[in-house]
Amino acid sequence: MTKIIFFDIDGTLVSKHNSIPKSTKRAIKELKANGIIPVIATGRAPLLIEEVRRELDIDSYIAMNGQFVVHEGKVVFDNPIKKATVDRLIDRAVEKNDGIVLCGAKDIFSNSIVSLAKRSSVLTLLKGLVKLVPGSIQVSFFSRLIKKPPKPKDYAGKSIYQVIIETSEDEEKQYKEDFETLHFARSNHYTVDIISEGISKATGIEKYLEHVGAVKEDTYAFGDSPNDLEMLDFVHTSVAMGNGWDNVKAISDYVTDDVDKDGIEKALKHFKLI
């Protein structure tokens with residue numbers, strides 16, 4: 001059976017310098033030549049996957065931590081959050097003065113993003129925010145950008161799959177207590193991704209495997225942060241990046257080098273996949 005490898009984006013495919021290492025591009029190309037299927041598995045919304053996807057020529061992905069699954073350009077699973085729950089999250093973020101962003105299948109909603117988009121392309125704006133701005137500046141800009149909640153009319157009638165809230169790990173505990181039926185997934189120290197109960201990257205992988213008729217024994221996954229834990233635990237062979245969080249390394253089958261030290265390529269060679 002064809003092997004399938006699931007790759008996180010930030011800290012795994014993309015370095016802290018917001019670029020894809022040449023060795024990673026080379027490795028993904030060789031994987032495909034060997035008949036092995038690369039699939040992106042990320043917390044990012046689809047809008048923020050496009051540049052990475054095109055650069056690596058990968059047409060299947062699991063977005064928003066398992067809430068939205070695409071195989072060869074076709075949506076095979078989607079699981080929006082209930083509108084009443086989204087409204088409650090917005091109210092709580094406003095009450096706590098926390099930044100908030102709503103992620104849809106084709107849009108990202110935040111009051112500031114919407115207003116900026118009137119003067120430029122949303123894609124251009126977000127591409128610059130995620131891909132081109134150094135991490136420290138990116139966080140500062142992001143914090144200012146999302147302080148105002150999106151207006152209800154902006155996302156009326158559109159499905160919301162993930163809510164991103166700017167909050168510390170300590171403050172996140174209160175959200176978890178107040179929203180016990182939601183799942184919280186963190187990929188950095190500044191924001192937390194909030195999705196439906198019972199959903200994770202592992203769920204997305206399971207749905208993807210069901211669709212393509214593949215089995216777990218033929219799966220590998222690469223990740224670096226807490227929102228990768230379920231994915232790494234689910235697949236047959238798990239790989240943590242050298243730059244990953246300690247708890248991610250602890251549960252992985254293999255720890256490779258950092259993303260910008262050819263970690264992807266080295267691990268793929270270790271497992272004789274390239």
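Mentor: Start with one term: contact, or touching, means heavy atoms within 4.5 Å. Also keep in mind that this is a predicted model.

Trainee: Okay. Which residues does L13 touch, leaving out those up to four places away in sequence?

Mentor: L13 touches F7, D8, S19, I20, P21, T24, I40, V52, L56 and V259.

Trainee: Where does L13 sit?

Mentor: In the loop between β1 and α1.

Trainee: And is L13 buried or exposed?

Mentor: L13 has a relative accessible area of 0%. Buried means under 20%, so L13 counts as buried.

Trainee: V52 was on that list. How many residues apart in sequence are L13 and V52?

Mentor: They are 39 residues apart in sequence. In space, their C-alpha atoms are 8.5 Å apart.

Trainee: What about F7? What is F7 in contact with, beyond its neighbours within four places in sequence?

Mentor: F7 is in contact with L13, I28, L31, P38, V39, I40, A41, F222 and I264.

Trainee: Which residues have the most contacts inside the largest nonpolar core?

Mentor: I5, F7, L31, I40, V52, F222 and L268. That core has 38 residues.

Trainee: Which elements supply at least two residues of this core?

Mentor: Among the helices, α1 (22–33), α2 (50–56) and α12 (263–270) do. Among the strands, β1 (4–7), β3 (61–63), β4 (68–71), β6 (100–103) and β11 (219–223) do.

Trainee: Which other residues have a positive phi without being glycine?

Mentor: M64 is one of them, with phi near 50°. N97 is another, at about 60°.

Trainee: Where are those two?

Mentor: M64 lies in the loop between β3 and β4. N97 is in the loop between α3 (83–96) and β6.

Trainee: Is M64 buried or exposed?

Mentor: M64 is buried, at a relative accessible area of 0%.

Trainee: You mentioned β12. What does S238 touch there, again leaving out residues up to four places away?

Mentor: S238 is in strand β12. S238 touches A221, L232, I251, S252, D253 and Y254. S238 counts as buried, at 1% relative accessibility.

Trainee: New topic: H211. Where is H211 found?

Mentor: In helix α9, residues 201–212. H211 is partly exposed, with a relative accessible area of 39%.

Trainee: What does H211 touch, with residues up to four places away set aside?

Mentor: H71 and V76. H211 and V76 are 135 residues apart in sequence. Their C-alpha atoms are 7.1 Å apart.

Trainee: How about pockets? What volume does the second largest pocket have?

Mentor: About 160 Å³. Its lining has 13 residues, and the closest to its centre are E172, K176, F184, R186 and P226.

Trainee: Which elements give two or more residues to that lining?

Mentor: α8 (169–178), β9 (182–185) and α10 (229–234). α8 gives the most, with four residues.

Trainee: How do the lining residues divide by type?

Mentor: Four are nonpolar, three are polar and six are charged.

Trainee: Now the whole protein. How many helices and strands are there?

Mentor: Twelve helices and 13 strands.

Trainee: And what share of the residues counts as buried?

Mentor: 54% of the 274 residues. The accessible surface comes to about 12500 Å². Carbon and sulfur atoms account for 49% of that surface.

Terms used
Residues numbered from 1 in each chain as written. Predicted model: local features only at pLDDT ≥ 70, side-chain atom pairs only at ≥ 80, totals over all residues. Heavy atoms only, no water. 1 Å grid on protein atoms, 1.4 Å probe; cavity = no way out; pocket = protein on both sides within 12 Å on 5 of 7 lines; lining within 4 Å. Points joined across faces, edges and corners; volume = space filled by probe spheres on them. Nonpolar A, V, L, I, M, F, W, Y, C, P; charged D, E, K, R; others polar. Core = buried A, V, L, I, M, F, W, Y, C linked by side-chain atoms within 4.5 Å. Buried < 20%, exposed > 50% of the residue type's maximum accessible area, 1.4 Å probe, protein only. Areas by Shrake-Rupley, 256 points an atom, 1.4 Å probe, with all protein chains shown as cover.
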